[in-house]
Structures are given as C-alpha cells and as structure tokens.
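Open the model in your viewer and keep the selection tool at hand.

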Amino acid sequence: MSGRSLDPQLQRNAVRTGGMRASAIRALFAVVNRPEVVSLAGGMPFLDSLPLEQLAAETGRLLADDGRVALQYGAGQGIPELREQICQVMALEGISAHPDDVVVTIGSQMALDLVTRIYCDPGDVILAEAPSYVGALGTFSAYQAQVVHVETDDDGLVPAALEAAIAAVRESGRRAKLLYTVPNFHNPAGVTLSVDRRAQVARICAEAGITVLEDNPYGLLGFSDTVYPAIRSLDPDNVIYLGSFSKTFAPGLRVGWVLAPHAVKEKLVLANESAILNPPMFNQMMISRYLANFDWQSQIKTYRELYAERRDAMLAALETHMPAGTTWTRPDGGFYVWLTLPEGYDTAAMLPRAVTERVAYVPGTAFYADGFGTRQMRLSFCYPTPERIVEGIRRLGTVLEAEQEMLRTFGVGSVSRPDLRLGGPTAPAPDAV
Ligand code: PMP
C-alpha cells in the first residue's frame, strides 16, 4: 500500500475518486509557462484581437442597467434570451433547434461531466476516437466509464472501425452507451469528419442503440468557407450536441451549452441544478449582450484568419525541421496538428529534454485511455505568434536530432518515465487541454 493511501481522509473517499488523479506532468507545465519556452502545448485561444475597451463599457452597462438580475440566482437551464441566441449560432451549422431543448453549462467541460453522469454507470463503455480530447477522457475516467477507442484517418472516424468496435464490445458482454466524437478540427488530431461519414456514423449509432455525443467547440473556426453540417442536424433524436463560446469568443466567461433530445434535457437541468444550482447569470447576460451588440461573426473571421496564418507557419516549419519518416495532419481549422514520429521515439520520455531546449508539446499518450500514442504528440498553433511557432518547431527539430543520435548509438532514446505518462485515469494539466 502506498503511503498516500494511508491518509485517513483518502481512505474514506469513494472508490471512483481513484479515477481522479492529477497528471504527473503538471509540474513540467509550470516550467512550460516561462516566457523563454515556446509552448506548443496549451490550447489557449489568442485573445488580443478582442475589443476589450468596448467589452469593459458593455460590462459597466450590464451592471448599471441589470445588475440586480445579473448578480442574482437564476434558472438551472440558463436564461431564455441566451438560449434563443444559441439556437441562431447553431443554425450556422444546419441545426434547427428550440431554445427549450438547450441547457446552458459552465463551458462544454461541465456539459461532458453532466452527460457522463446521466448516462454512465461504472464499467459502461464509451466509444471515442483514437486519439480523443484529454479533458473528456479525464471526465469519463472519473465516472469509471471504460473508453474503447475507434480508429480515425484523415477523414475522421472510420465507419467500418466503428461497426467493428461496437461488435467487439457486444461480444465482450459490455454495453456501449455513447459515441464521443469531435467531428470538426479535432482536438488533438486536427482532422474533420467527411460529410458522407457523418450520415454513416449517425446511422450506425442509431441502429446500435448508442447515443452520439457530438462535441463541437471549433466548428466555426474553419480556414476555408466550408461549414460542415453538424451530426445533430442529421439525427436530432439520437445526438446530444455540445457547444461553447470558449474558442469563438473567450473561455474566461465559461459559458457552453448542451442541445439534447427532450427527455435528456429534463435530466440535464436536474443534474445542472444539483451540481451548480444555475449557470452564472452575469456571464450569461454578458455573452447575450456580446451576441446582440457586437459584430461577433467578424470577430470569428478575425480568429480564423489569425489561426490560419499560424497553421501555415507551423506546417511550413515542420516540412523544414522534422526528421524523415515523420508524418503530421494538415488541419483545415481549429488549433491543433497531430504529429507521428518514426518507430523508436517516445514523446513522453522526450518531454523533459524538449523543455530544456525551451519548447513544449503534449505527449500523445495523454489522448488515449489505453497507453497508445507513444510516438505521437499534439502541437497547438493557436497561441504563439507565427515567428515563435517557427522557432519552437526549429527547437523541436534539434531535440529530435539528438534523440535520433541516441537511438542510432544506443538503440534507445530518452528513458521512459512511467510517472510522466499522461495516459489512463489522470486529469490533464490545465494548460494541456
Ligand atoms: N471539448 C473539446 C474538444 C475541447 O477542445 C475543449 C477545450 N479545449 C473543451 C471541450 C472544453 O471547452 P470549454 O469547457 O472551455 O467550453
């Protein structure tokens, strides 16, 4: 028994808290935030283009005009005006929804928690892309759900692999309840589910009695003018859709939402009330005013142009600095490139060396529930300037060269430290989401 489990308080904790552990690379992430380090690790939006002075004035007006409401308790489902506006936002991706079926949450992270709480008993299976968003894996693990990964390629989730995974889960006597998918500009894979596949995925899940949990924080951040239809628009009865203002506006207000089939919505409101009573009134009213009084669509366009330039800088630098045999995805939107190194590399083992060289990334194992992803890493291009991105990739190239030299000379690279692995039941370092 470890010394930690002898703590009398921890002995009294529920069994499920065993699935709630901080990632061991949290300490490293403190170093990552030093200015000399180029962090390609965090998924933080770049907020410099926000009209902060106008937002400050709007905040003042909100308090002056409506302060008593904004600072008061409110309804568990969220305010009606915002839910109506959310329906207009979702219409941009082909969703026709009624504000009654929308529940406002504290970011889509809270929505992931509420949906898992409602659907999953310990041991239930959640199918999810290989790789998957680290924050969702942490939530699923906290509820003792088992993740079964489904293969993806450049067009997203592979429908035949989804069918095979459903059959395998069934044969093993377990029950798959949800398919968790990020169809647009995937975190971390950077790929987008093709339009044909959306219909196939919706049909396969409906036939198998599995609810689709569609997580779509990046859908409006495409770099071309193509906007993909949400899976929800194809099958409103079997898809729970999660949206967020974190990437299209700002994450600090922590406002996201769930659009759910009616019966699920009722449960979500109860779950929301039991967790938080109600989503913050002030934040909801602020977002509502932002949507009503600001040109939010041109703010999104500004973000898209800014991120596209950074994506271009990263892709060009990768061509120059990566060793032969390395592959990476070419995202058409969002924040992330997913990189796969040749056989022999271990990105978690290499991370301390990379941080010493003043560059950081998230090791691939963070995005798998089952220890895969050793040769992979997620690179974010959202936050650093294009110049810093190029410098970061140059430094990464240096690290990989040294690593290659070790592999050639000794047959092994940096020694793998099991305590630095992010995979499995750990919560991500906040900067790694
Ligand atoms: N889902 C995905 C795929 C994400 O990338 C993120 C944030 N990185 C979230 C959910 C959580 O977003 P928020 O809680 O800020 O809405």
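Which residue forms a salt bridge with R304? Select D225: the closest N and O atoms of D225 and R304 are 3.1 Å apart. A salt bridge here is a side-chain nitrogen of Lys or Arg within 4 Å of a carboxyl oxygen of Asp or Glu.

Before moving on, note that this is a predicted model, in which local features need pLDDT of at least 70, side-chain atom pairs count only at pLDDT 80 or more, and totals for chains, interfaces and linings use all residues. Residues are numbered from 1 along each chain as its sequence is written, and side-chain values use heavy atoms, with hydrogens and water left out.

**The two domains**

Colour 14–49 + 298–410 as domain 1 and 52–294 as domain 2; such bounds come from an automatic or database domain assignment. Their centres, taken over C-alpha atoms, are 25 Å apart. Domain 1 gives 30 residues to the contact and domain 2 gives 32, where contact means heavy atoms within 4.5 Å.

Between them the domains bury about 2600 Å², with 64% of it on carbon and sulfur atoms. Buried area is the accessible area (1.4 Å probe) that two parts lose on being put together, summed over both. Now select R304, Y336 and F367: in domain 1 these lose the most area to domain 2, together 22% of what that side buries.

How many salt bridges are counted between domain 1 and domain 2? The count is one.

**Across the structure**

The structure holds 19 salt bridges. For one of them, select R289 and D66, whose closest N and O atoms are 3.7 Å apart. R289 is in helix α11 (residues 281–293) and D66 is in helix α3 (residues 52–70), so the pair ties together parts that are 223 residues apart in sequence. Helices (H or I, at least four residues) and strands (E, at least two) are DSSP runs, numbered from the N terminus.

**The ligand**

Select the ligand next. It is surrounded by 14 residues, and the closest are S108, D215, Y218, S244 and S246; a residue counts if one of its heavy atoms lies within 4 Å of the ligand.

- D215: an N or O atom of its side chain is 2.6 Å from a nitrogen atom of the ligand.
- S244: a polar side-chain atom is 2.6 Å from an oxygen atom of the ligand.
- R254: a polar side-chain atom is 2.8 Å from an oxygen atom of the ligand.

Terms used:
Polar contact = N/O pair within 3.5 Å; in protein donor to acceptor, adjacent residues only side chain to side chain.
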